[in-house]
Every structure is written in structure tokens, then in C-alpha cells.
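Have the sequence and the 3D view open as you read.

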Amino acid sequence: MNGDIDEVLAKQSWVQPSSAFAASVMERVERSVKAPPPIPFPWKRALPGLIYCLGAVAVLIRMLGR
């Protein structure tokens, strides 16, 4: 079976990238390096609201359980 694969691959012509391929890849890499870092999520502002919601759900579960 390996001989069949080797035979097929030997008959294939090698794929050559276009002349502008490397330049376009490097341009995108440079653009991504120069991009500003993403804005972090404001956990300090969201945490009180999340705690309040968890407390409200706990109270609701307790009220429905009676």
C-alpha cells in the first residue's frame, strides 16, 4: 500500500505558492503585532451584580421550596 501512495505522490507536480504569498502573510503578521491588545472584561464592575443575582436566585429557590 505504501508503494501505491509513493507512486501517486511521485507523479504529482509540486505546488508552488504565488509570488505575493509570503509578502501577504508577513503583512498580516506585522498588522497583528501592531494591533492594540484586547480590552479586558471589567470583572470588578460585574462581580457585585453577579453576586446580587445569585442571592436573588437563592432567595427565590428558598421561597419556592416552602
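A search of the whole structure turns up one salt bridge. Keep in mind that this is a predicted model. The partners are arginine 31 and glutamate 27, and their closest N and O atoms sit 3.2 Å apart. As for cover, glutamate 27 is partly exposed, with a relative accessible area of 45%.

## The rest of H2

Phe21, Val25, Met26, Val29 and Val33 make a nonpolar surface patch of about 450 Å². Two of its members are worth a look. Phenylalanine 21 has its place in helix H2, and it is partly exposed at a relative accessible area of 47%. Valine 25 lies in helix H2 too; its relative accessible area is 35%, so it also falls between the 20% and 50% cut-offs and counts as partly exposed.

Step past the helix and you get to proline 36, in the loop between H2 and H3. Is proline 36 buried or exposed? At 69% relative accessibility, proline 36 counts as exposed, because the cut-off for that is over 50%.

Here are those residues side by side:

| Residue | Relative accessible area | Class |
|---|---|---|
| Phenylalanine 21 | 47% | partly exposed |
| Valine 25 | 35% | partly exposed |
| Glutamate 27 | 45% | partly exposed |
| Proline 36 | 69% | exposed |

Now for helix H3 (residues 43-65).

## The whole chain

Zooming out, the chain has three helices and zero strands. Read from the N terminus on, the elements run α-α-α. The radius of gyration is 29 Å, well over the 11 Å that the globule rule gives for 66 residues, so the chain is more spread out than a compact globule. Along its principal axes, the C-alpha trace spans about 75 × 40 × 10 Å.

Proline 36 and lysine 11 are 25 residues apart along the chain, and their C-alpha atoms are separated by 47 Å. For valine 25 and glycine 65, 40 residues apart along the chain, the C-alpha separation is 60 Å.

Burial tells its own part of the story: of the 66 residues, 0% count as buried. The chain exposes about 7,000 Å², with carbon and sulfur atoms supplying 68% of that area.

## How confident is the predictor?

The chain averages a pLDDT of 88, and 98% of the residues score at least 70. Which elements mark the two ends of the range in mean pLDDT? Helix H1 (residues 2-11) has the lowest, at 80, while H3 has the highest, at 94.

Definitions and conventions. Residues numbered from 1 in each chain as written. Predicted model: local features only at pLDDT ≥ 70, side-chain atom pairs only at ≥ 80, totals over all residues. Heavy atoms only, no water. Salt bridge = Lys/Arg side-chain N within 4 Å of Asp/Glu carboxyl O. Buried < 20%, exposed > 50% of the residue type's maximum accessible area, 1.4 Å probe, protein only. Patch = residues over 30% accessible without salt bridge, like charges linked within 9 Å, V, L, I, M, F, W, Y side chains within 5 Å. Areas by Shrake-Rupley, 256 points an atom, 1.4 Å probe, with all protein chains shown as cover. Helix = DSSP H or I, 4+ residues; strand = E, 2+ residues; numbered from the N terminus. pLDDT = per-residue confidence, 0-100. Rg over C-alpha atoms; globule rule 2.2 N^0.38 Å.
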